Amino acid sequence: MLSRTERVICLIVLAGAAVITLYPMVVLVSTAFSPLNSGSGGISFAHPLSLSAFSYAWRAGGFSRYMLNTVIVTGAVMAGYSIALARPPGARWVLYAAVFGFMLPVEALIVPWYYQFQTVGIINTYWSMILPQAAQSIAFGTFWMYVAFRSMPRSLSESALIDGASPVSLLWRILVPNVAPAIWTMAALVFLWTWNSFLLPLVMVSNQSLFTVTVGLSTFQGAHFNNFAALAAGSCLAALPVVLVYLFAQRRFIVGLFAGSVVE
């Protein structure tokens with residue numbers, strides 16, 4: 001049990017961390033709801049709440065198209081698979097390759113990818129953004145699901161097989177429900193990484209109609225660098241899906257982060 005002094009210190013530290021974390025967010029939201037060209041940003045309630053900045057960013061900034069492009073790319077890479085159950089010959093080497101695959105940073109691969117995609121003629125298409133993201137997502141998903149399935153007690157699988165369960169029934173009716181938090185967490189992480197990706201779409205796409213929301217926001221910032229309300233509104237629009245995904249999946253996300261911490 002913590003003493004009274006220790007609890008007070010913990011509360012002070014947590015309150016300070018909350019202020020440091022929330023202050024930029026409050027400034028951003030406050031600026032976004034200000035009228036266009038109303039000042040240099042900051043927490044201010046001198047003006048009535050206005051949606052003009054959001055309307056301007058949505059129309060003039062083209063965020064509707066940028067967000068649609070990001071949804072297409074993100075939805076196409078929401079995939080993962082596992083090699084922990086069947087364990088075919090060479091499965092361990094596939095696992096090592098997967099670990100190596102998601103350890104390599106995008107910066108180390110972006111140039112080879114670009115010239116390969118240029119050779120096959122898919123630069124300035126959705127595929128030039130989808131394929132690299134899918135490759136890294138599958139590599140990460142392989143390792144993630146391997147650890148999650150390995151955390152299941154071996155006796156659970158053995159009991160189900162003794163009772164007559166087929167390998168398919170064992171997977172979908174017993175193991176998958178038990179590792180559901182890990183699956184949700186993997187999906188959330190892949191979504192967040194893909195949605196926030198900047199370097200890959202910046203290099204692979206020069207056609208503005210294919211820009212994702214991160215590249216679109218950068219372009220919008222360059223064209224409206226002194227319109228703080230519009231910039232804040234664009235940032236809020238770009239961050240909104242990420243915030244919603246985290247709010248709806250936070251319980252499963254936290255549980256899933258600990259899945260696989262104990263392996264039998």
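Helices (H or I, at least four residues) and strands (E, at least two) are taken as DSSP runs and numbered from the N terminus. The structure is a predicted model, in which local features need pLDDT of at least 70 and side-chain atom pairs count only at pLDDT 80 or more, while totals for chains, interfaces and linings use all residues. Residues are numbered from 1 along each chain as its sequence is written, and side-chain values use heavy atoms, with hydrogens and water left out.

Along the sequence the protein chain reads α-α-α-α-α-α-α-α-α-α-α-α, with 12 helices and zero strands. Of its 264 residues, 36% are buried (under 20% relative accessible area, with exposed over 50% and partly exposed in between; 1.4 Å probe, protein chains only). Contacts (heavy atoms within 4.5 Å) between residues at least 6 apart in sequence join residues at least 24 apart in 71% of cases.

Two packed helices are described by the angle between their axes and the distance between the axes. Axes are lines fitted to C-alpha atoms, for helices over the stretch in contact, and angles run from 0 to 180 degrees between N-to-C directions. Helix α5 (residues 106–120) and helix α6 (residues 127–150) pack at about 135°, with axes 11 Å apart. The pair is therefore oblique (angles under 35 degrees count as roughly parallel, over 145 as roughly antiparallel, 65 to 115 as roughly perpendicular and the rest as oblique). Val106, Leu109, Trp113 and Phe117 of α5 meet Ser128, Leu131, Pro132 and Gln136 of α6. Six residues of this contact are nonpolar, two are polar and none is charged (Ala, Val, Leu, Ile, Met, Phe, Trp, Tyr, Cys and Pro count as nonpolar, Asp, Glu, Lys and Arg as charged, and the others, Gly among them, as polar).

Helix α6 also packs against α9, their axes coming within 10 Å and crossing at roughly 155°. This angle makes α6 roughly antiparallel to α9. Residues in the contact include Gln133, Phe140 and Trp144 of α6 and Met186, Trp193 and Thr194 of α9. By class, the α6–α9 contact holds 10 nonpolar, five polar and no charged residues.

Thr194 belongs to helix α9 (residues 180–195) and is buried, at a relative accessible area of 5%. The Thr194 side chain reaches the backbone oxygen of Val190 at 2.7 Å. Ser197 is placed in the loop between α9 and α10 (199–204). Ser197 is likewise buried, with a relative accessible area of 15%. Apart from neighbours within four places in sequence, Ser197 is in contact with Gln133, Thr212 and Thr214.

Terms used
Polar contact = N/O pair within 3.5 Å; in protein donor to acceptor, adjacent residues only side chain to side chain.
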